[in-house]
Amino acid sequence: MIFSAIFTLLFTLPLAFAWTHHHVEVGPNSQLVYDPEYITADIGDKVTFRFHQKNHTVTQSSFQTPCTQIFDGFNSGFNPVGPDVYDNFPTVTLTVLVDTPLWFHCEQTGHCPQGMVFAINPPASGNTFDKFKAAALATAAPTGGSHARAEMARRFPRASLAPKDLAQ
Ligand SMILES: *[C@@H]1O[C@H](CO)[C@@H](O)[C@H](O)[C@H]1NC(C)=O
Ligand SMILES: [Cu+2]
């Protein structure tokens, strides 16, 4: 009995410690992206987000509403990094507790509609990362779609420029 208990312990311990530490860059090179854009992770794995310049978050959302925070979900909060800061970027780490897909976005105004989204364990078919990102980008489209946007651009050239607030 004791021998078998020790045997079991010795052979299950290594598994318990065999978690992977994933690293995700948030907004590298002032791009509105997470790099990588999605990862495959096991329960117990840790994911460390490293925040670059600008002022980003990693905020849990859902496949259906990519740019909307879910109640009680993970949220890193805002991590402002000045334009002259090139090292010691702030980090936030989460531990993966489920093996179902997890969806995230950046809460900063305008970032998610420009495709700043991230996922853990997105399915290879069905609710794929590409569909999730397309849905995020679609939140930026004004009613009427690209035709209306082109018409706006023709009539109001200045107003059609994407707002580029340096602080965001
Ligand atoms: C970061 O962004 C948030 C939300 O837009 C804003 O409230 C906050 O003041 C910003 N922080 C800095 C230092 O710009
Ligand atoms: Cu952002």
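Reply: Read along the sequence, the pattern is α-β-β-β-β-β-β-β-β-β-β-α-α, that is, 3 helices and 10 strands. Helices (H or I, at least four residues) and strands (E, at least two) are DSSP runs, numbered from the N terminus. The model is predicted: local features need pLDDT of at least 70, side-chain atom pairs count only at pLDDT 80 or more, and totals for chains, interfaces and linings use all residues. Residues are numbered from 1 along each chain as its sequence is written, and chains are lettered from A and ligands numbered from 1 in the order in which they are written.

Of the 168 residues, 23% count as buried; a residue is buried if 20 or more other C-beta atoms lie within 10 Å of its own, exposed if 12 or fewer, and partly exposed in between, with C-beta atoms placed from the backbone. The largest nonpolar core has 23 residues. Such a core is a set of buried Ala, Val, Leu, Ile, Met, Phe, Trp, Tyr and Cys residues joined through C-beta atoms within 7 Å. Strands E1 (21-26), E4 (46-51), E9 (102-105) and E10 (117-120) and helix H2 (129-138) each give two or more residues to this core. E10 gives the most, with 4 residues. Phe104, Val117, Phe118 and Ala119 have the most contacts inside the core.

Leaving out residues up to four places away in sequence, Val117 touches Pro66, Phe104, His105, Cys112, Phe132, Lys133 and Ala136; a contact requires C-beta atoms, placed from the backbone, within 7 Å.

Terms used:
Contact = placed C-beta atoms within 7 Å.
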